[in-house]
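The questions below go through one structure, topic by topic. Each answer works towards the value or name asked for.

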Amino acid sequence: MRISKKIEQANKEGKIWWSFEYFPPRTAQGLQNLIDRIKRMTTLGPEFIDITWNAGGRTSDLTSHMVKTCQGSVGIETCMHLTCTNMPKEKVDIALREAKKSGCRNVLALRGDPPQGKDEWEAVEGGFVHGVDLVKHIHNEYGDYFDIAVAGFPQFQLLPPEERDLEMKYLKEKIDAGVNFIFTQMFYDVDVFIDWVNAVRAAGITIPIVPGIAPIQTWNGFLKATSLANTKIPQSFLDALEPYKNDDEKVREIGTKLVAEMCRKILAAGLGIQGLHFYTMNLEKGTKMLLEELNLMARVETIKPLPWRQSLTPNRRQENIRPIFWANRTESYLSRTEDWDEFPNGRFGDSRSPAYGELDGYGIWLKQTKEEALKLWGEPKTFAEVASLFSRFCLGDLKALPWSNQAASSETSAISSQLAKMNELGFLTINSQPAVNGARSDNPQFGWGPSNGYVYQKAYLEFFVSPRLLELLLAHIDRDSNMTYYVINKQGDLRTNTHSDGPNAVTWGIFPGKEIVQPTVVEALSFMAWKDEAYELGVKWANVYEAETPSRKLMMEVFETSYLVNVVHNDFKDSQAIFEPFFKAGTEYAAQHTNGSAAPQALAN
């Protein structure tokens, strides 16, 4: 979605909005850590993010990669910076083409800073001389496809009148060439900013102005940033911060209050500005503290329009249904369905036409290095020790398992004790959701979707289990007509008690003026495709340990002999019914084995 449309919509609704800026890190590990951070920070509710383009274009490929990742797997509207520095026309065109392919609709067009090692800016052969030339080129090649932003500099208001007027003339030329909104450089003197905005309006510029807000992280960082940008620092800021310049925490605390007060003045100044753009510097805490100080809380419909983050690439924008099995493996699902000619819309039936991509298209790997995995999971030598790891994850005492790179979701806390008990009984859970009967869509634990709606869930469990324990479980499940299951082994032999070939919707929502939305389903073909991935992740875990060690043998035995099972309880009004067969079967199994173990038989003997 174009940012100008988001701003227009927010103005109509009278809501305050905010957005975040990030820059590409220099290392592969830094990039992965930043993507993880961006995913976490989406829960703070930004309307969009933007990704900078390095002076000299040295990280241009990383910028394009980040835009693709944020649009696709993170599912957040992304604005791409694009500079003229070291950028011949051909390289600009490649960047724009890749941005469009990723579904990006927003570009910040900049002349850029001088290349590293040079004091003066100069155009490259075949490149652009001024920012306005880049603006015109984008329009010539892409028409109105992209929203184009340019930079605004409130500090120019402090220039001598002749220079100030000349800079305003240059800004007006860019706007007249077809610019949709303005991002400002950071500032700390709110009076200078307000004067500049009034001058911009007096010059006949009416497009939205988005103030750039820089949280104060440390004293030295604050001085360095303001010096580089030649930003005026109010004396009141210096008086408040300098006495604590050697105490970073205190500087951040005081700085947060100073910048928050500046933001309040901007929003209350009658300028028609209702949005704030935060320069995060790839840091999380300072931005979060500032939002909390301003009492700006994320709206559920902003951070969770669906229970999962919707991809914003062109061929997926209308995708509104996914199988539940990849709930914790989004990137894998996106990769394996990348070549589908269409995506489910209304019901999950289209999976029968195109095939799921092969596993090697995305690759199955553990996020953790071997050293990290050993530190996280240790070297289990008994099935009980393995089960304990799964149990601890469900209780929030373990931050990751191979099937979930992040800690258990907030809704898991509603059933964490039941899941922990299941694991102790021998059912190794890798995915679950509790039953929900009409929670409001703004419920912080279960809510998603537009305001004033209600959401529902059927209880769902997915787990590995030994053959003998499985037979006891199915005997109990077969006594409850509300329970359906799929069972599959590593070889792909499928068993089920459902009599329907269609999908089973396990999550749905009812919202004013909309049809019922059913975004998450369980169905056989998807489960069969997921099976290979689920087992391979277990093997990857086993391979963390050296060959012939007890831990390697144990883990290989578990995932060679166990069945993968999913169970749905179709009575969403009974939140505990799904667990009863598991507790009964687990208790029976323990009673039949003198060692009380629910391990696969080969391991229990």
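Q: How much space lies in the largest cavity?
A: The model is a predicted one. Counting cavities of 30 Å³ or more gives 1 cavity. The space in the largest cavity is about 40 Å³.

Q: Which residues line the largest cavity?
A: The lining divides into 4 nonpolar, 2 polar and 2 charged residues. By name, the residues that line the largest cavity are Phe325, Asn328, Arg329, Trp403, Ile430, Asn431, Glu462 and Trp530.

Q: What accessible area do Phe23, Met281 and Leu283 have together?
A: These residues form a nonpolar patch on the surface. One of them, Met281, is placed in the loop between β8 (275-279) and α11 (285-293). Together, Phe23, Met281 and Leu283 have an accessible area of about 260 Å².

Q: Is Gly212 buried or exposed?
A: Gly212 is placed in strand β7, which covers residues 209-213. A residue is buried when its relative accessible area is under 20%. The relative accessibility of Gly212 is 0%, and therefore Gly212 counts as buried.

Q: How many Å apart in space are Gly212 and Leu276, C-alpha to C-alpha?
A: In sequence, Gly212 and Leu276 are 64 residues apart. In space, their C-alpha to C-alpha distance is 6.6 Å.

Q: How many salt bridges does the structure hold?
A: Side chains of opposite charge can pair when their charged atoms come close. Here the cut-off is a side-chain nitrogen of Lys or Arg within 4 Å of a carboxyl oxygen of Asp or Glu. The number of salt bridges in the structure is 31.

Q: Which residue meets Glu47 in a salt bridge, and how many residues apart are the two?
A: The side chain of Glu47 meets that of Lys6, with 3.4 Å from N to O. Glu47 is in the loop between α2 (28-41) and β2 (49-51), while Lys6 is in helix α1 (residues 3-13), so the pair links distant parts of the chain. Both Glu47 and Lys6 are buried. The partner of Glu47 is Lys6, and the two are 41 residues apart.

Q: How many residues apart in sequence are the parts that Arg40 and Glu284 tie together?
A: Arg40 and Glu284 form a salt bridge, with 2.9 Å between the closest N and O atoms. Arg40 lies in helix α2, and Glu284 lies in the loop between β8 and α11. Arg40 is partly exposed, at a relative accessible area of 39%. The parts that this pair ties together are apart in sequence by 244 residues.

Q: In which helix do Lys250 and Glu253 both lie?
A: Lys250 and Glu253 form a salt bridge, the closest N and O atoms being 3.8 Å apart. They are 3 residues apart, about one turn of the helix. Lys250 counts as partly exposed at 27% relative accessibility, and Glu253 counts as partly exposed at 37%. The helix that holds both is α10 (residues 248-267).

Q: What distance separates the C-alpha atoms of Glu253 and Gly286?
A: Glu253 is found in helix α10. Along the chain, Glu253 and Gly286 are 33 residues apart. Their C-alpha atoms are separated by 8.9 Å.

Notes:
Residues numbered from 1 in each chain as written. Predicted model: local features only at pLDDT ≥ 70, side-chain atom pairs only at ≥ 80, totals over all residues. Heavy atoms only, no water. 1 Å grid on protein atoms, 1.4 Å probe; cavity = no way out; pocket = protein on both sides within 12 Å on 5 of 7 lines; lining within 4 Å. Points joined across faces, edges and corners; volume = space filled by probe spheres on them. Nonpolar A, V, L, I, M, F, W, Y, C, P; charged D, E, K, R; others polar. Patch = residues over 30% accessible without salt bridge, like charges linked within 9 Å, V, L, I, M, F, W, Y side chains within 5 Å. Areas by Shrake-Rupley, 256 points an atom, 1.4 Å probe, with all protein chains shown as cover. Helix = DSSP H or I, 4+ residues; strand = E, 2+ residues; numbered from the N terminus. Buried < 20%, exposed > 50% of the residue type's maximum accessible area, 1.4 Å probe, protein only.
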